[in-house]
Amino acid sequence: MKATGKVFKYGNNVDTDVIIPARYLNSSDPKELAAHCMEDIDKDFIKNVHPGDMIVANKNFGCGSSREHAPLAIKAAGVSCVIAETFARIFYRNAINIGLPIIECKEAGDEIEAGDEIEVDFDNGMIYNKTKQTSYQGQAFPEFMQQIIKAEGLINYINQKKS
Amino acid sequence: MGMTMTQKILALHAGLDSVVAGQLIEADLDLVLGNDITSPVAIHEMNKMDVKGVFHKDKVALVMDHFTPNKDIKSAENCKYVREFAAKHEISNYYDVGEMGIEHALLPEKGLTVSGDVIIGADSHTCTYGALGAFSTGVGSTDMAAGMATGKAWFKVPGAIKINLTGKPLKWVSGKDLILHIIGMIGVDGALYRSLEFTGDGIANLSMDDRFTIANMAIEAGAKNGIFPVDQTTIDYMKIHSKRPYKIFEADADAIYEEEYIIDLAKLRPTIAFPHLPENTHTIDEIEKIKIDQVVIGSCTNGRLEDLKIAAEIMAGKKVAKGVRTVIIPATQKIYLEAMERGYLKIFVEAGAVVSTPTCGPCLGGHMGVLAAGEKCVSTTNRNFVGRMGHVESEVYLASPAIAAASAITGIISGPENI
């Protein structure tokens, strides 16, 4: 499984309050949430993002609240993958559980810049920077996590396993 | 190989003799928690599953505390959705307006959390119950759905950081100052994926309310959980509040810790986290004059009786500074009543503060104290991210109830010694 897209780049400690501010948490409709995704850190994000685009950041992406609305908003905005040096642990779990691919890779976080065109191979965790002609080895998902992502979330995965 | 407290609790709940850091396990859950923001998503997910109901009607807690009493039509619809689910599945621990409190103050008070438990909650501050010697951690709505349906959750066994506490804190220094000091020291991701294990003879000098505050903010250092050993203070608390049997675990002498810190509580100073990260800490002695527009005393971090007692001691007979909106929120109905009987609420109202029914409201910029552009707030809550309490150009300074109350009186960020 591969994805290709243009990069939106952020720094350390991108928290769930800037990914989706609490004032919008009276809704859990992914489309409504996506309309405000990243609003408090990058108000043009939602105007400029296209299906398949990626978010690249540094340390502790998704820190703060347990709101699953955060990965839901990112996924519904069309983002195909989030790459960061590290993820806050609840965000990490939530992203897998709703089927949003995420990859940990320090070098990618350090070197990839906004606007770069990136290809990610989820099977082996390789990240290719087409703009800069460089590549990075990210952490590949274990088999069961890949299956959860393919099933588009934990609940579908559990249901498919049962049937 | 030796295990930490967290590892021992997880091993028992996974039916294993021992576990090691990094091991993936499936554990039985003693309690699954959700609130009015996270539960609707969880219920929606659970309805997609082929299950008849929840795994145990007494082991699910649903607390309507964030946008309640409902702030708008959408939040009212969300609560209605959860209320109907709770009625349909006969959830015994459903708490709505009138009997609810802020979840992490309410559940220990109701006796639903005891030492040795494994608890997940779709709220990041679920780590609070580590104060009682339980393993408890925040998860998202999908994990909550799977937990409600099956009574199980998967975990990666965490490695640990040991925080060895010695000495006794000085007057006006509390658990909030300690946890802010720790976050300032190790950073907002300093304990990422790991447990914060507290130990040492200084713990005897920390009240139960202090310990709840400290464990509550373990997540702000990125930790999976924070956990305290069980002592007489814990046992007394559990005996008063709970009828449930509890199990006491102790870390092995040869348990493995990836890092160790020693903190002398007597050397701690009142500590404030500046915008926009909980790790941006300064002691009261280091700061310049900062004029404020609002004070909030409350939340799952600092809305307990001892917090209100400290605020009342400082505010008694005084008036809040002109132009400083002071919002005080007892965390549960029981705390509210007790604060009323002890005369704290009268002190607050006479000082010019407002007292609210329990709600998480202002902490996350929901309602009951949203900030405008350029405004500054001293708050006893737990996060000061950009836009957390309102406008992206507003600022939140995290502090103890003592600093918050003193600052309300002076109108600038102050310690109780300054008034």
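Select A:Met38 to begin: this residue is buried, with 25 other C-beta atoms within 10 Å. Here, buried means that 20 or more other C-beta atoms lie within 10 Å of a residue's own, exposed means 12 or fewer, and partly exposed is in between, with C-beta atoms placed from the backbone. The model is predicted: local features need pLDDT of at least 70, side-chain atom pairs count only at pLDDT 80 or more, and totals for chains, interfaces and linings use all residues. Residues are numbered from 1 along each chain as its sequence is written, while chains are lettered from A and ligands numbered from 1 in the order in which they are written.

**Positive phi**

Stay on A:Met38, which is not a glycine and has a positive phi near 65°. Most residues other than glycine have a negative phi, and most peptide bonds are trans. A:Met38 sits in the loop between helix H2 (30-34) and helix H3 (45-48) of chain A. Helices (H or I, at least four residues) and strands (E, at least two) are DSSP runs, numbered from the N terminus.

Next, select B:Glu90, also not a glycine, with a positive phi of about 50°. Its loop runs between H3 and strand S4 (93-95) of chain B. B:Glu90 counts as exposed, because it has 11 C-beta neighbours inside 10 Å.

**Cis peptide bonds**

Go to B:Thr68 and B:Pro69, which are joined by a cis peptide bond with omega about -20°. B:Pro69 belongs to the loop between strand S3 (60-63) and H3 of chain B. Then select B:Pro275 and B:His276: the peptide bond from the former to the latter is cis, with omega near -5°. B:His276 is in the loop between strand S12 (271-273) and strand S13 (281-283) of chain B.

**A sheet in chain B**

Colour the strands of an open four-stranded sheet in chain B, whose order is S10-S9-S8-S11 and whose pairing is parallel. Two strands pair if DSSP finds at least two bridges between them. At the edges are strand S10 (225-227) and strand S11 (259-264) of chain B, each pairing on one side only. On average, neighbouring strands of this sheet are turned by 20° against each other, direction ignored; the axes are lines fitted to C-alpha atoms, and angles run from 0 to 180 degrees between N-to-C directions.

Now pick strand S8 (residues 160-166) of chain B, which pairs with S11(B) in the parallel sense over six bridges. Within this pair, B:Asn164 is opposite B:Ile262 of S11(B).

**Helix H10 of chain B**

Select residues 305-315 of chain B, helix H10: eight of its eleven residues are buried, so the helix is largely enclosed by the rest of the structure. Among the buried ones are B:Leu305, B:Asp307 and B:Ile310. Just after H10(B), look at B:Gly317, where phi is positive, about 75°.

**Where the chains touch**

Show both chains: 40 residues from chain B and 35 residues from chain A take part in the contact. Two residues are in contact if their C-beta atoms, placed from the backbone, lie within 7 Å. Helix H2 (39-47), helix H3 (73-88) and helix H5 (141-150) of chain B each supply at least two residues of the side of chain B that touches chain A. H5(B) gives the largest share of that side, five residues.

**Last stop**

Finish at A:Val82, which touches A:Met54, A:Ile55, A:Phe61, A:Ile74, A:Ala95, A:Leu100 and A:Ile102, not counting residues up to four places away in sequence.
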